[in-house]
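Here's a quick tour of one protein model, grouped by topic.

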Amino acid sequence: MFGEPVKRVEDDRLLRGQGAYLDDLGHDALAAAFVRSPHAHARITGIDVSAAVDVPGLIAIYTYEDLTGRVAEPLPMLIPHPALTAPRTGFPLAADEVNYAGEPVVMVVAEDRYLAEDAAQAIVVDYEQLPAVVGIDAARAARHLVHPDVPGNIAAELVQSHGDAHAAISAAPHTLELDLSIERSASTPLEGRGVLARWDTESGRLRIWTSTQTSTGVRAAVAAKLELDLAGVDVITPDVGGGFGVKIVHPWPEEVLVPWAARLLGRPVKYTEDRAEHFVASAHERGQRHLVRVGFDDEGRVLGLDVRFWHDNGAYIPYGLIVPIITSTQLLGPYKPGAYRVEFTSLYTNTVIVTPYRGAGRPQGAFVMERTMDAIAASLRLDRTVVRERNFITPEEMPYDHGLIFQDGRPLVYDSGDYPAALAMLKALIEWDSFPARQAEARAQGRRLGIGLACYVEGTGVGPYEGAHVVVETSGKVKVATGLTSQGQGHQTVFAQIVADELGVPLGDVAVTTGDTRAFGYAVGTFASRAAVMSGSAVALAARATREKALRIAAAALEAAPADLEIVDGAVRVKGDPASAIGLGTVAVLANPLRYAFDEAARAATQFAAGSSDPQAPPVPAGESPGLEGREFFSPVRSTFASGMHAAIVETDPDTAEIKILRYCVVHDCGTLINPRIVAGQIHGGVAQGIGGALYERLAYDEAGQLRNASFMDFLMPYVSEMPQEIEIDHLQTPSPLNPLGIKGAGEAGVIPGAALFASAISDAEGFAITAMPISPSDLFELRQRDQPAQDTDSR
């Protein structure tokens with residue numbers, strides 16, 4: 001099964017409408033709704049709930065003044081960092097001040113959502129408006145402050161370097177400076193956030209269902225906030241309609257308030273985020289501005305690189321500096337830039353918070369580095385692929401230490417990869433060398449064609465750990481549990497493939513449970529392209545431990561040495577003698593010595609039936625435990641690094657400036673492939689989001705901090721009609737030496753190079769550099785207007 005393009009086992013259920021998402025649950029629950037701030041920055045001067053009290057079906061109204069204990073404290077700073085000198089997080093409900101439009105101020109609980117919304121609408125909140133800080137330029141200018149006790153709106157500043165970049169650039173034969181920027185976007189999953197909670201008064205247990213990327217994280221956070229024992233809280237993640245990073249944040253205000261209210265009221269309470277709320281009450285990403293100085297030689301080899309950038313983290317910074325740290329380190333891609341220095345400033349603004357969104361800082365880094373490579377090529381009149389080849393890290397240099405610290409706090413050391421081979425594959429796939437003739441022919445016909453490419457390296461499989469539990473039932477069926485959650489990645493399929501191979505059982509006999517703390521209580525979460533690397537490795541280790549135990553028990557029953565046994569089609573048999581066999585289900589029976597027989601299978605394990613050749617030996621040997629099962633954890637020394645290269649051919653309309661994708665090619669290396677079909681699906685989805693981020697999706701704030709396009713009427717997302725007819729994929733496999741399966745992550749690969757790729761291709765079509773993304777036809781039209789006077793001057 002390992003390496004086979006198996007169809008996803010979960011799809012049949014989901015496509016038939018048999019999925020159970022958060023809002024499919026809790027039909028008997030009370031409903032919560034929220035009054036949210038209409039202002040980006042304001043002081044709360046009064047809250048009048050009198051008109052809402054008479055709304056039929058109203059159960060409760062809560063403001064900050066009603067919060068008690070740790071619930072009234074700010075939400076946790078999830079990932080502290082020494083450079084984060086002014087960390088600020090919001091309250092579950094705004095206390096005295098609101099810092100972005102959409103911040104929750106009042107919680108309403110009613111018999112149903114309609115009544116809760118009616119009551120919320122009747123509540124009057126009085127505000128004293130304060131000046132809003134919107135965008136990086138306003139935050140840097142600091143004429144106004146988001147938080148009065150944070151000078152300069154600076155949350156953090158961090159410098160990393162390797163070598164003396166300033167000296168290397170000063171001594172270089174050639175230098176360039178670039179000013180590059182990417183605007184805000186959002187992940188907009190099919191399903192927004194949501195949470196359902198039930199409090200059992202008799203047992204004192206809290207059960208939570210939440211659409212999250214980390215059930216164990218929510219469990220720990222809610223237990224801490226509500227001052228409950230961790231063992232008294234269960235968190236179950238139902239089917240999740242996409243996450244893409246926005247659901248890794250925990251706890252969201254609603255994930256604290258809904259369980260708190262359920263416990264207080266003694267009744268189940270549910271909240272489901274609507275689409276309008278998701279735009280203004282969840283999280284955004286991407287917004288950065290970069291100033292680049294690069295020094296290089298006559299061959300285009302980078303001698304020194306200095307990058308200074310500013311990161312807009314929104315009103316609060318609960319997820320720490322992960323996004324800008326990833327940008328600053330993953331910016332290097334597959335290259336060795338000689339000396340490197342990077343400095344970033346993370347800034348507060350009166351806008352929605354910024355947390356990782358698929359790619360998590362890497363799209364910005366790839367945009368900066370790939371635009372720099374293209375600029376060097378243009379400056380020296382070299383082919384863009386030649387400049388890249390001359391700067392690649394070679395396979396012989398692996399593992400390659402960049403001398404920096406990655407987002408996991410570990411050294412930035414690439415474990416494996418073959419970048420020259422990947423580029424050769426990409427050039428052949430896109431037919432790079434023959435494109436100039438095609439471009440010239442099109443231009444003679446009045447058409448504008450351009451070709452672009454972009455390379456990236458993606459740190460995947462970040463720690464600290466994941467675990468798995470594999471159990472063989474007496475029926476011979478296998479149950480697998482792992483703590484991380486699933487949001488459409490195909491975990492039920494790929495983890496079953498791993499176990500099927502390790503235990504020698506049919507794929508259909510393996511059932512996988514994820515994201516349920518009752519089944520597996522220790523986990524970190526699904527993010528950073530880590531599920532296959534972390535949980536896949538843990539599942540393999542747990543299955544191997546189960547296999548070893550099965551062979552030991554079967555060896556005694558078959559009177560053979562464990563080394564002489566194999567497991568085929570769910571039976572342990574003597575190699576070369578298939579008739580001498582015992583089913584795994586029977587082995588599971590023998591693995592659990594019983595006093596009582598409940599069925600015919602159990603009879604074989606009772607004390608008189610089982611017997612013992614050694615009356616002095618205990619029924620359960622020392623160091624063993626009953627049952628045929630394995631429970632293992634995997635904790636890597638550092639991240640694995642996947643890589644890839646994308647190329648595209650575009651056509652820009654000479655009149656309307658519309659951008660059409662003619663071809664899209666991908667070469668991807670995620671180590672050993674578990675399931676090529678699922679990897680291709682991940683790439684397809686990522687490419688769609690990369691196209692959206694490059695050509696369509698832009699969150700537009702006005703000066704007052706109002707999001708002007710907070711609906712799908714105005715926030716453009718690519719439909720299938722905007723996608724290329726085919727995404728051509730080729731795989732390179734350089735196994736990772738850092739885990740037992742040799743795998744690397746693949747979840748974010750498709751989205752990372754999007755902005756860089758289309759900037760490259762459009763620049764090639766138009767003849768001038770694209771330095772800001774995303775780019776719309778209107779943007780391109782305006783750039784043409786600006787470029788035309790310069791061309792006229794040059795011609796004169």
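This is a predicted model: local features need pLDDT of at least 70, side-chain atom pairs count only at pLDDT 80 or more; totals for chains, interfaces and linings use all residues.

H9 passes H10 in a right-handed crossing.

**H9 and H10**

- The axes of H9 and helix H10 (residues 384-391) come within 8 Å, crossing at roughly 115 degrees.
- Angles of 65 to 115 degrees count as roughly perpendicular, and H9 and H10 are therefore roughly perpendicular to each other.
- Which residues make the contact? On the H9 side you'll find Glu-370, Met-373, Asp-374, Ile-376 and Ala-377, and on the H10 side Arg-384, Val-387, Arg-388 and Asn-391.
- Sorted by class, the residues of the contact between H9 and H10 are four nonpolar, one polar and four charged.

**H8 and H9**

- H9 (residues 362-380) also packs with helix H8 (residues 322-330), at an angle of about 30 degrees and with the axes 8 Å apart.
- Angles under 35 degrees count as roughly parallel, so H8 and H9 are roughly parallel to each other.
- H8 passes H9 in a right-handed crossing.
- From H8, Val-323, Ile-326, Thr-327 and Gln-330 meet Arg-362, Gln-364 and Gly-365 from H9.
- The residues where H8 touches H9 split into two nonpolar, four polar and one charged.

**H13 and H14**

- H13 passes H14 in a right-handed crossing.
- H13 brings His-491, Phe-495, Ile-498, Val-499, Glu-502 and Leu-503 to the contact, while the residues from H14 include Ala-531, Ser-535, Gly-536, Val-539 and Arg-547.
- Here the contact of H13 with H14 comes out at nine nonpolar, four polar and three charged residues.

**Empty spaces**

- Rolling a probe the size of a water molecule over the atoms shows where empty space is left.
- How many cavities of 30 Å³ or more does a search of the whole structure find? The search finds five.
- The largest cavity has a volume of about 200 Å³.
- The largest cavity is lined by 21 residues, with Leu-75, Tyr-100, Trp-252, Pro-253 and Ile-353 closest to its centre.
- By class, 14 of the residues lining the largest cavity are nonpolar, three are polar and four are charged.
- Then there's the second largest pocket, which holds about 1000 Å³ of space.
- The second largest pocket has 39 lining residues, and Glu-183, Arg-184, Arg-698, Leu-699 and Ala-700 lie nearest its centre.
- Several elements each supply at least two residues of that pocket's lining: helix H3 (136-141), strand S8 (174-182), strand S13 (288-296), strand S29 (772-773) and helix H20 (777-795).
- Which of them gives the most to the lining of the second largest pocket? H20 does, with five residues.
- The lining of the second largest pocket divides into 18 nonpolar, eight polar and 13 charged residues.

**Backbone spots to look up**

- Most residues other than glycine have a negative phi, and most peptide bonds are trans.
- Ala-142 has a phi near 55 degrees, a positive value in a residue other than glycine. You'll find Ala-142 in the loop between H3 and strand S7 (154-162).
- The peptide bond from His-250 to Pro-251 is cis, with omega near -10 degrees. Pro-251 sits in the loop between strand S11 (233-236) and helix H6 (253-265).
- Another cis peptide bond runs from Met-773 to Pro-774, with omega near 5 degrees. Look for Pro-774 in the loop between S29 and H20.

**Neighbours in space**

- Where is Glu-658 found? Check the loop between strand S26 (640-652) and strand S27 (659-669).
- Glu-658 and Pro-777 are 119 residues apart in sequence, yet 5.0 Å apart in space, C-alpha to C-alpha.
- Leaving aside its neighbours within four places in sequence, Glu-658 is in contact with Glu-651, Thr-652, Asp-653 and Pro-777.

Technical notes
Residues are numbered from 1 along each chain as its sequence is written. Side-chain values use heavy atoms; hydrogens and water are left out. Axes are lines fitted to C-alpha atoms, for helices over the stretch in contact, and angles run from 0 to 180 degrees between N-to-C directions. Helices (H or I, at least four residues) and strands (E, at least two) are DSSP runs, numbered from the N terminus. Angles under 35 degrees count as roughly parallel, over 145 as roughly antiparallel, 65 to 115 as roughly perpendicular and the rest as oblique. A crossing is left-handed if the near helix is turned anticlockwise from the far one by less than a right angle, and right-handed if clockwise. Contact means heavy atoms within 4.5 Å. Ala, Val, Leu, Ile, Met, Phe, Trp, Tyr, Cys and Pro count as nonpolar, Asp, Glu, Lys and Arg as charged, and the others, Gly among them, as polar. On a 1 Å grid over the protein atoms alone, a cavity is a set of points where a 1.4 Å probe fits but cannot get out, and a pocket is an open set with protein on both sides within 12 Å along at least five of seven lines; lining residues have an atom within 4 Å of a point. Grid points are joined across faces, edges and corners, and a volume is the space filled by probe spheres set on the points.
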